[in-house]
Amino acid sequence: MDNPMDNPMRRFTTTGLNRRRFLAGSATTATALGLPAVTAAPARAGGRGIAAADRYPMWLALLGTAGGPSWWNGITREGISSAVVVDGAVYLVDCGAGAGRQLFRAGLDLADLRAIFITHLHSDHISDYFTLQLYGWYQNLEKAHRPVHAYGPGDRGALPPLFGHPEQVPPVISPDDPTPGLVGMTDSLLRAYATDINDRMRDNLKTDLRRLVVPHDIEIPADVPFHPNDNPTPDMAPFVVHEDDRVRVSATLVKHAPAAPAFGFRFDSHHGSVVFSGDTGVCDNLVRLATGADVLVHEVVDDQWIRGRYGQPPYTPDQEALINHHLTAHTPVADTGRVAERAGVPTLVLNHFVPGNIPESRWAQARKTYSGRLIVGRDLDRIGVGRPAR
Ligand SMILES: [Zn+2]
Ligand SMILES: [Zn+2]
């Protein structure tokens, strides 16, 4: 299944001819539909412009690169979030802590925001999802093409199994609705903030927030035998979750149990393609999604650090189980290179660093298993995707 010719997405990415055909005439379509003009980017602060990203009509910005719900000691990285920019339109992948502020620091404008993609519902990927809307309300979100679509996992459907041998079964939060998806979560957030939102709609006459950002639970194709506990990552082909005049965005299930469903995303435009792994262990679905792409943005964990948390070996069977639990839901440094090599992507960008505060040299070890261009990501890095403008 690793043969590029088997990849259903390849037809969108391989040749200039196909890229030109893909969404041909998009510029005139946007004008005809009365979409807002893409505004000039505000001044940006910091970050590297790798491969002179300014010359690329498609590029990505790493907004935050730290993984985990933690304020890492001595951290210089914000929570996990990235932006893809295609002909000036902005797409967000995950909204970790600081996502909104970093979006501004990256010189991007919410007036250009088209869609938000949430890989999974762990807090380090969503903690600024609603802040972005509440603050964005006063920062040009009302000028964005309406609505901004937000895509994310649906209701998990069942509580995850208990891990290990706890002495007491923990209580369940919100027993009537213990595993809401993105739509349910958004509804609860609107109700939780109703005092503020109603105040601003009545006193400041702000636009109904529900009309600005519309959440969608990603529907897993019916023929995929997904089960959140028994089969969270079945072998599958990528499927389309969003398409507009700039991009086609596809998803696949990745391996992040017990977080399920958990998605990786691929953005294809007529300029190029970029894949985001989301949080995942090594998984064939991701290799399939990334095959033929120009850039793979991949999460990474330091396996030595994980082991070190449990002291020195030898480990007890329970400790070994915990270590394996972490290492199968995330990808150790050397394996990120192997995944990128299998997918044949020419550029591998590492992000979602766990821990978020160790020297970059540790992450650069991925070079040992990868022959392409490795970028150990930093916040506000800008990376060109596909072909530069002529
Ligand atoms: Zn995470
Ligand atoms: Zn996670």
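Helices (H or I, at least four residues) and strands (E, at least two) are taken as DSSP runs and numbered from the N terminus. On this basis the protein has 13 helices and 15 strands. The structure is a predicted model, in which local features need pLDDT of at least 70 and side-chain atom pairs count only at pLDDT 80 or more, while totals for chains, interfaces and linings use all residues. Residues are numbered from 1 along each chain as its sequence is written, chains are lettered from A and ligands numbered from 1 in the order in which they are written, and side-chain values use heavy atoms, with hydrogens and water left out.

With contact defined as heavy atoms within 4.5 Å, 71% of the contacts between residues at least 6 apart in sequence join residues at least 24 apart.

Donors are N, O and S atoms within 2.8 Å of the metal (3.2 Å for Na, K and Ca); water is not among the atoms, so sites may look incomplete. Aspartate 279 also bridges to the zinc ion (ligand 1), the two ions lying 3.4 Å apart. Histidine 256 belongs to the loop between strand S9 (248-253) and strand S10 (263-268), and aspartate 279 to the loop between strand S11 (273-276) and helix H9 (284-290); the pair therefore ties together parts that are 23 residues apart in sequence. Both histidine 256 and aspartate 279 are buried.

Helix H11 (residues 317-329) has 13 residues and should span 18 Å at 1.5 Å a residue, which agrees with the 18 Å between its end C-alpha atoms; the expected span is 1.5 Å times one less than the number of residues. In H11, Ile323, Leu327 and Ala329 are buried. The cover over the buried residues of H11 includes strand S12 (295-301) and helix H10 (303-308).

A cavity is a set of points, on a 1 Å grid over the protein atoms alone, where a 1.4 Å probe fits but cannot get out; lining residues have an atom within 4 Å of a point. Grid points are joined across faces, edges and corners, and a volume is the space filled by probe spheres set on the points. Two cavities of 30 Å³ or more result, and the largest cavity holds about 100 Å³. Among its 14 lining residues, Ile80, Asp94, Phe276, Gly278 and Asn351 are the closest to its centre.

Notes. Buried < 20%, exposed > 50% of the residue type's maximum accessible area, 1.4 Å probe, protein only. 1 Å grid on protein atoms, 1.4 Å probe; cavity = no way out; pocket = protein on both sides within 12 Å on 5 of 7 lines; lining within 4 Å.
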